[in-house]
Amino acid sequence: MSSIFRQFYFFLIALFLALPLIVVAGVSINQKQTLAFPPEGFSVSWYGEIFLNPEWRNALLASITLAVLSAALAVAIALPLAWFLWRRVAPWANIFQLLGVAPFTLPPVITALGMLTFWATAGFYGQPWTAVVSHAIFFVTLPLVTLSLGFTSIDRSLVEAAATMGADDRKIFRTVVLPLILPYIVSGYAFAFVLSLNEYIVAYMTVGFTMETLPIKIFNALRYGYTPTMASVTILFVLTAAIIFGLVARFGDLPKLLGAMASEGK
Amino acid sequence: MRREPAQTLGDYTPLLFPAAMLTIFFVVPFGTMIAVSFFQRQQGGFYTPAFVYDNYARFLSAFFGGVLGFSLMLAIAVAVCCVVLALPFTYLLTRMARSVQVLWLVALLSVLSLSEVIIGFAWSTLFSRTAGITNILVALGLMGEAQALTPSFGAVLTGMVYQAFPYTVLVLFPALVRLDPTLTEAARTLGASPLKAFFTVVVPALRNTIVATLIMVFIFALGSYLLPQLLGRPQHWTLSVLITDQAIYQSNMPFAAAMAVFLVLVTLGLVALTVIAGRKGEAA
Amino acid sequence: MSGLALQNVVKEFGTFRAVNDVDLTVPHGTFVCMLGPSGCGKTTLLRMIAGLDLPTSGAIRLDGEDITRVPTHKRDLGMVFQSLALFPHLTVGENIAYPLRIRNAPKEDQQRRVDELLAMIHLQGYADRPVSKLSGGQRQRVAIARALSISPKLFLLDEPLSALDAKLREAMQVELRQLQQKLGITTIVVTHDQREAMTMADTVVVMSGGEIRQAAPPVEIYRRPADSFVADFIGQTNLIEAESDTLGHVRVLGQPVPGLSLLPGAAKATLSIRPEDVRLTAPGAGALSGTVTFIRDLGGTIETFVDVAGRQIVAVSTPRARPEVTVGQRVGVALTPDCCVVLRK
C-alpha cells in the first residue's frame with residue numbers, strides 16, 4: 001500500500017515537472033500561428049524556423065558561441081585554482097574559492113548589475129566579448145565545485161608514486177593528475193555550457209541592447225506577443241540539456257558529481 | 001603527495017590567472033556597483049560620481065517596505081513549499097535503484113538549467129486561456145469554460161516552486177544519501193511504522209540540513225527576477241524584479257545598485273546563518 | 001509450537017538466489033548463531049526474520065503464527081545492527097526509550113524502564129549523554145539495551161560486535177551470552193567469526209551459498225562436521241581422500257587404515273582429520289610417510305607441515321609434546337580410525 005502511495009507521489013512530481021513542457025511541446029507543433037492546446041494540426045515547421053529565420057538563427061549562433069567560449073574560460077579559471085588548493089597549504093588562497101562560489105550563490109541580478117556598471121564604467125559596454133567574460137565569472141562556480149570534488153577523489157599516493165619514479169610537478173600533472181581529473185573537467189564544462197546557453201539576465205544586462213542570445217530573443221518576442229518559435233526553441237533547449245546531462249551520467253558518476261560521495265549499499 | 005606550503009614565489013603561478021580574473025571581473029565590478037549606489041542619478045543619461053545617500057533613503061518609503069516585505073514573504077513561501085515537497089521525494093529517491101536515481105537527476109538538472117524566461121513562458125502558456133490546463137479540464141468535463149489562471153499570486157508561487165524544486169532536491173540529495181539507511185530500519189524493528197520512522201528519525205536527524213536547505217532555497221527564490229513579472233501583477237513584483245526594472249527600463253542605475261547592495265546584505269546575513277547551522281550540524 | 005520456524009524460505013534478487021530453500025526451527029529461549037562467509041545469505045535470512053526483506057517464497061512462523069507478511073514494526077522484535085544505528089539526534093536515554101515512546105507508553109514507565117536497562121548495562125547516569133560522546137563498547141551496550149527495552153519476542157543481532165577491538169569483543173561475547181541466559185529470550189546472531197559463534201551459541205547454523213550446511217551444537221559442529229565445507233570453515237582441518245576396496249578395506253593415500261570404514265556402499269570419501277589428532281612418528285610401518293616442509297612455532301602451539309605424496313598435512317601440538325623434527329626430515333604420520341571423520345561429501 002505504501003508502495004502505491006509512493007508511486008502516486010512520484011507520478012505527481014513527474015507530472016508537475018513535465019506538464020508545462022508537455023503543453024509547450026504541444027503548442028510547438030501547432031499548424032497555425034496561434035497559441036492553442038491541444039494542438040490543431042501537426043507541423044514541425046516551427047522547428048525549421050529556428051534555423052531558417054535569420055533572426056532566430058543568429059540568436060542561436062550567438063548563444064552557442066557564447067556558451068562554448070564562456071564555459072571554456074570558466075574551466076580555465078577553475079582548473080588552476082582547484083589544483084592549487086588541492087596541492088598547496090595556503091589558507092588565505094581559500095578566499096578565491098569563496099570568490100568563485102559567490103557569483104552563483106548571490107541572486108543573479110546582483111552579478112548582472114555589477115557587470116553592467118563595470119563594463120559601462122570601463123567603456124566596453126555592449127561589446128560581445130564582455131558577455132563571454134561575464135558568463136565565465138558567473139558560472140565559474142560549476143567547474144570549480146566539480147573539479148574540487150574530483151581532486152579530493154584522487155588518491156594522493158598515486159602522485160607520490162609518480163614522484164618516486166622521477167616525475168616533477170609539471171610531469172605529474174600532465175601524466176597522472178590530468179588524466180584522472182579529465183572526467184570532472186568535461187562535466188564541469190558541460191554544466192557551465194548548458195547553464196550559459198539558458199542564461200538571460202547577465203547576458204541581457206551586458207549585451208542585451210546590441211545583440212540577442214536565444215533567451216533574450218524569446219523574452220523580447222514574449223513582450224510583443226506570441227510566436228510558436230518560442231515553443232520550439234524551448235523544447236530544443238530542454239532536449240539539449242537532457243542529452244548533455246544524460247551523456248554526463250552515461251560516462252560519469254552523476255550522483256557522485258552531485259556530492260553523494262558515500263555511495264555505500266545501493 | 002602531502003599538501004605542502006608554497007616554497008617559492010614560482011609555486012604561486014597557477015593561482016595567478018584565476019586570482020586576476022576573479023579580482024578584475026568580480027571584485028572590481030562588485031565594488032563599482034557599491035560605488036554607483038552612492039552616485040547621483042542624471043536625468044536621461046547614466047549617472048555622475050558623487051557621494052549621496054539619496055538612493056538608500058528612497059527605501060524608507062511605505063512602497064519599498066511593502067516590496068521588501070512581499071519579497072521576503074514570497075521567498076519564505078517558496079522555500080517552505082519546496083522543502084515540504086522535496087524532502088520526502090529526495091528521501092525516497094535516495095532509497096531507489098541507482099539507474100532510477102540517475103534518470104531523475106538528469107530530468108531535475110534539465111529543468112534546473114532552464115532559464116527563467118523559458119519557465120515563465122511555459123507556465124504562462126499552461127495557465128493561459130487558449131492553451132492552458134483549463135482546456136484539459138474542460139475536455140475532461142470538469143469545467144464549463146476555459147479561463148486564464150494568470151496573472152495571479154498562485155501562478156507566481158507555482159512558477160517559482162517549479163524553478164526552485166530541482167534546486168532543493170539537489171541541495172538535499174548529498175545529505176540524504178549519507179543518511180545511514182539502517183537508522184530507519186532500526187526504527188522499524190523498534191516498532192515505528194514507515195511514516196512514523198520518517199517523522200521521528202529522518203526529519204529530526206536532518207534538522208540542521210533542513211534549516212540550511214530552507215535558507216538556501218530562500219536565497220534562490222529571492223533571486224527570481226522574471227517570474228513575478230511574467231506571471232503576476234505589479235503588486236507581486238519582488239526586489240529582484242524592481243532592480244531589473246530600475247536598471248533597464250527606468251535607467252536609474254544608482255537606485256538599482258543601492259537596492260542590489262541591500263539585497264546582498266540580506267543574502268550574506270542568511271548565508272552566515274546557513275554556515276552556523278551547518279557548523280552545528282557537524283558538531284552534533 | 002513455541003519459537004521461530006522457517007519453512008522453505010527462498011529469497012531471490014533478480015536472478016541471484018541469495019537464500020535457497022531454508023528450513024530451520026529455533027525453540028523458544030535458544031541462542032542461535034548463523035555463521036558463514038560473506039555473501040552466504042545469513043544477513044538476508046536475518047533481515048527476512050526481521051521483516052526488512054520479504055521472502056520470495058516460503059513462510060516464517062513465530063509461536064505458531066505466520067508472520068511472513070507482517071510489517072517489521074508490528075513484529076515486536078529487538079534488533080542490533082552492524083552499524084548500531086543509534087539515533088544521533090537523541091540522547092542515550094531517549095534512544096533506549098524510543099520503542100516505548102513509539103508505543104505511547106506513559107512517561108513514568110519509560111523512565112523506569114530506561115533506568116532498569118541502564119543499570120543492566122552498567123551505564124547508570126548516562127541517560128542524558130549524547131550518543132556521540134560514548135566509547136565503542138558503551139555504544140554497543142546502548143544498542144543492546146534499546147533492542148531489549150520492550151522485552152521483545154525475538155532478539156536479532158547482525159554482526160553486533162564487529163566494530164569492537166579483539167579484547168572487548170571477547171568480553172562482550174561472554175556478557176551477551178550471560179544476559180541472554182538470564183532473560184531467556186530467543187536470540188539469533190549473525191556472525192562470520194567462528195570463535196564468537198562457539199562462545200555464545202546453543203546452536204550454530206553454518207551457511208554457504210544460501211543454504212544451511214549444518215545446524216548443531218558447537219561441539220558437534222567441530223567434532224562431527226557434516227561436510228567438507230563445514231569441516232574446513234570451522235577450525236583448521238586436513239581434508240584427505242580415502243578409498244575403499246571391494247572387501248571394505250580402507251586406504252588413505254595408499255596406506256591401509258585398519259578399523260576405518262566408509263559410508264555403506266561408498267567406494268570413495270573425504271576424511272576430515274583435525275590437526276591436533278595427527279600424530280607424527282618415526283617413518284615406517286602402519287603410518288603414511290612424508291617430509292617436513294615447514295614448522296610454524298606460534299609459542300602456544302606448534303604447527304608442523306608435512307608433505308605426503310604431494311598432499312600437505314598439518315599437525316598441531318603443544319610445546320610440551322613438541323615433535324623432535326626438523327625441516328626436510330622424513331617422518332611418519334599415524335592415522336587411527338577414531339581421529340578420522342568420514343564426511344558426506
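**Three chains and how they meet**

In this predicted model, no contact joins chain A and chain C, whose closest C-alpha atoms lie 11 Å apart; here two residues are in contact if their C-beta atoms, placed from the backbone, lie within 7 Å. Two pairs of chains are in contact, and of these, chains A and B share the most contacts. Because the model is predicted, local features need pLDDT of at least 70 and side-chain atom pairs count only at pLDDT 80 or more, while totals for chains, interfaces and linings use all residues. Residues are numbered from 1 along each chain as its sequence is written, and chains are lettered from A and ligands numbered from 1 in the order in which they are written.

Read from the N terminus on, its elements are α-α-α-α-α-α-α-α-α-α-α-α-α. Taken along the principal axes, the C-alpha atoms of chain A fill a box of roughly 70 × 65 × 30 Å. An unreviewed UniProt entry lists "transmembrane region" at residues 60-86, 98-120, 132-151, 172-195, 201-219 and 231-251 of chain A; UniProt positions are given in the numbering used here, feature names are shortened, and annotations may be inferred rather than shown by experiment. Two of these spans can be described further. Residues 231-251 of chain A are 100% helix and 0% strand, with end C-alpha atoms 30 Å apart. Residues 201-219 of chain A are 68% helix and 0% strand, and their end C-alpha atoms are 10 Å apart.

Next comes a helix pair within chain A. Two packed helices are described by the angle between their axes and the distance between the axes. Axes are lines fitted to C-alpha atoms, for helices over the stretch in contact, and angles run from 0 to 180 degrees between N-to-C directions. For helix α8 (residues 156-164) and helix α9 (residues 169-198) of chain A, the axes come within 10 Å and cross at roughly 135°. That makes α8(A) oblique to α9(A): angles under 35 degrees count as roughly parallel, over 145 as roughly antiparallel, 65 to 115 as roughly perpendicular and the rest as oblique. The crossing of α8(A) and α9(A) is right-handed; a crossing is left-handed if the near helix is turned anticlockwise from the far one by less than a right angle, and right-handed if clockwise. On the α8(A) side, Leu158(A), Val159(A), Ala162(A) and Ala163(A) meet Ile172(A), Thr175(A), Val176(A) and Val177(A) of α9(A). By class, this contact has seven nonpolar, one polar and no charged residues, with Ala, Val, Leu, Ile, Met, Phe, Trp, Tyr, Cys and Pro counted as nonpolar, Asp, Glu, Lys and Arg as charged, and the others, Gly among them, as polar.

The partner of chain A is chain B, and their contact takes 75 residues from chain A and 72 residues from chain B. Helix α5 (residues 108-122) of chain A gives the largest share of the chain A side, eleven residues. On that side, 57 residues are nonpolar, eleven polar and seven charged. For chain B, an unreviewed UniProt entry gives the annotation "domain: ABC transmembrane type-1" for residues 68-274. This span is 78% helix and 0% strand, and its end C-alpha atoms lie 21 Å apart. UniProt also places "transmembrane region" (unreviewed entry) at several spans of chain B, including residues 12-39 and 153-177. Residues 12-39 of chain B are 86% helix and 0% strand, with end C-alpha atoms 38 Å apart. Residues 153-177 of chain B are 100% helix and 0% strand, with end C-alpha atoms 35 Å apart.

Chain C also touches chain B, in a contact that takes 18 residues from chain C and 17 residues from chain B. On the chain C side, the elements giving two or more residues are β6 (77-80) and α2 (92-102), and α2(C) gives the largest share, three residues. The chain C side divides into twelve nonpolar, four polar and two charged residues.

Helix α2(C) also packs within its own chain. Its axis and that of helix α4 (residues 136-148) of chain C come within 7 Å and cross at roughly 25°, and the two helices are therefore roughly parallel to each other. This crossing is right-handed.

Methods:
Helices (H or I, at least four residues) and strands (E, at least two) are DSSP runs, numbered from the N terminus.
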